[in-house]
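Please look through the model below with these notes beside it.

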Amino acid sequence: MADNREIVAGIRPTSDRDWLLVAGDVAEISTEIESTMKALADRFSTVVWAPGNHELWTVPHDPVRLRGEERYRHLVELMRGLGVVTPEDPYPVWEGPEENLTVAPLFVHYDYSFRPDPSLTPEQSLARAHESGVVCTDEFMLHPEPYGGMAEWCRRRVELTERRLAAVDPATRLVMVNHYPLVSAPTRVLRYPEFAQWCGTERTADWHLRFPTAAVVYGHLHIPRTTWHDGVRFEEVSLGYPREWRARGIVRPVPRQVFPHPER
């Protein structure tokens with residue numbers, strides 16, 4: 001979207017040591033993803049990327065026709081070619097003025113477990129969403145191949161990621177960057193509660209406690225804000241659609257500063 005491209009064009013570092021954390025949904029077309037990320041990588045000393053659902057869509061007008069895991073792997077190689085850190089790369093360490101932090105981009109997907117009514121099965125919850133007309137476009141554009149479904153893909157990503165997080169040196173705290181919130185609490189303010197089931201997995205609900213975590217950075221909900229869960233800071237950093245940020249106004253600088261903690 002032209003308005004969002006204009007904002008991205010204005011994103012600049014404040015020093016030659018600034019890192020940029022990109023929590024997904026850069027674009028849907030592979031060429032736009034590449035051009036946007038190249039522009040950002042050329043400006044910042046380090047750019048870290050976690051994929052969103054929109055990057056993984058296979059839309060009719062994208063020349064790249066790959067689906068599912070193959071599309072994700074294609075994007076990983078694209079990012080590596082630009083010098084961008086992906087969830088498949090070694091986690092880099094940011095050297096801050098107060099402490100060093102391990103920055104971990106994640107791709108753990110969702111499995112429909114963030115259901116507004118936990119008494120329903122995933123199948124029943126999806127059926128209710130279709131009846132209400134609140135259905136994520138993922139159901140038509142995001143394909144789980146070669147897995148049997150999103151839940152299977154999510155389970156595989158969670159298992160892989162847990163092993164990597166457990167191997168991180170506990171001497172440095174983590175900044176986890178994921179497209180979806182790792183806990184379900186932020187979804188409780190959604191205008192349409194049915195949408196929560198496309199917003200993460202309960203399998204990650206204790207990660208900010210199990211692993212030494214300084215902050216969690218995510219997007220997806222289009223509700224930029226800071227929340228605290230079990231004493232850990234969660235930063236929702238999405239820009240959203242022009243109609244959304246025009247309605248509320250861009251009340252904070254873009255991009256948001258995560259560390260050093262702006263309140264300090």
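1. Strand β6 (residues 213–218) runs parallel to strand β8 (residues 232–236), and 4 bridges join the pair. Within this pairing, Val217 has Glu235 of β8 as its bridge partner. Strands count as paired if DSSP finds at least two bridges between them; helices (H or I, at least four residues) and strands (E, at least two) are DSSP runs, numbered from the N terminus.

2. A note on the source: this is a predicted model, in which local features need pLDDT of at least 70 and side-chain atom pairs count only at pLDDT 80 or more, while totals for chains, interfaces and linings use all residues. Residues are numbered from 1 along each chain as its sequence is written, and side-chain values use heavy atoms, without hydrogens and water.

3. The open sheet has 6 strands in the order β3-β4-β5-β6-β8-β7, with mixed pairing. β3 (93–95) and β7 (225–229) are at the edges with a single partner strand each, so one side of each has no neighbour in the sheet.

4. Helix α4 (residues 68–82) has 15 residues and spans 22 Å from first C-alpha to last, close to the expected 21 Å (1.5 Å times one less than its number of residues). Its buried residues (under 20% relative accessible area, 1.4 Å probe, protein chains only) include Tyr72, Leu75 and Met79. Among the elements covering the buried residues of α4 are α2 (30–43) and α7 (150–166). Gly83 follows α4 and has a positive phi, near 80 degrees.

5. Which residues of α2 do Arg5, Val8 and Ala9 in α1 meet? They meet Glu32, Thr36, Leu40 and Arg43 (heavy atoms within 4.5 Å).

Conventions: Buried < 20%, exposed > 50% of the residue type's maximum accessible area, 1.4 Å probe, protein only.
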